[in-house]
Amino acid sequence: MSKPAAGTTWLVDDNRSVRDSTGAFLEAIGLTVRTYASALEFLDKFESDRSGCIVADYDMPGMTGLELLETLRRRGSRLPVIIITGRGDAALEQRVLAAGGFRMLHKPIDGLELADLVEQAVSEAA
């Protein structure tokens with residue numbers, strides 16, 4: 001990893017321990033992080049003119065990470081979205097990529113791998 005990515009990393013996960021630990025790790029390496037407990041909470045507060053990267057859990061109540069991605073694309077947001085999941089398979093990964101997702105990661109998440117992907121996603125989006 002070189003230097004922290006520009007913009008904000010929006011971390012959306014209903015699991016508080018995953019959200020807190022992942023957010024703390026990303027902040028410790030210099031990223032600006034905002035956390036949300038659900039996709040609906042995120043959509044309610046998100047301003048589409050921001051830069052950065054969205055990291056969203058796939059399996060959340062109310063709206064999945066994939067549904068969040070599809071909603072953002074319908075609203076015109078081109079921000080990179082990384083989907084994380086504990087139950088993903090190749091078919092789900094294809095759906096994420098077809099919907100415009102940047103990448104899908106499987107839990108447990110390697111913090112350095114996630115940080116590198118965030119850097120790469122922000123770089124490619126710039």
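**Salt bridges in a predicted model**

**View 1. Arg-87 and Asp-59 form a salt bridge between their side chains, at 1.9 Å from N to O.** A salt bridge here is a side-chain nitrogen of Lys or Arg within 4 Å of a carboxyl oxygen of Asp or Glu. Arg-87 sits in the loop between strand S4 (81–85) and helix H4 (90–98), and Asp-59 in the loop between S3 and helix H3 (65–74), so the pair ties together parts that are 28 residues apart in sequence. Helices (H or I, at least four residues) and strands (E, at least two) are DSSP runs, numbered from the N terminus. Arg-87 is exposed, at 63% relative accessibility, whereas Asp-59 is partly exposed at 35%. Buried means under 20% relative accessible area, exposed over 50%, and partly exposed in between (1.4 Å probe, protein chains only). This is a predicted model, in which local features need pLDDT of at least 70 and side-chain atom pairs count only at pLDDT 80 or more, while totals for chains, interfaces and linings use all residues. Residues are numbered from 1 along each chain as its sequence is written, and side-chain values use heavy atoms, with hydrogens and water left out.

**View 2. Asp-57 and Lys-107 meet through their side chains in a salt bridge of 3.3 Å, N to O.** Asp-57 belongs to strand S3 (residues 52–57) and Lys-107 to the loop between strand S5 (103–106) and helix H5 (111–125), so this pair ties together parts that are 50 residues apart in sequence. Asp-57 is buried, with 3% relative accessibility; Lys-107 is partly exposed, with a relative accessible area of 27%.

**View 3. A salt bridge joins the side chains of Arg-50 and Glu-47 at 2.8 Å, N to O.** Arg-50 is partly exposed at 41% relative accessibility. Glu-47 is also partly exposed, at 41%. Across the whole structure, the search finds six salt bridges.

View 4. Along the sequence they follow the pattern β-α-β-α-β-α-β-α-β-α. The C-alpha atoms fill a box of roughly 30 × 30 × 25 Å, taken along the principal axes. Of the 126 residues, 46% count as buried. Among contacts (heavy atoms within 4.5 Å) with a separation of 6 or more, residues 24 or more positions apart account for 63%.
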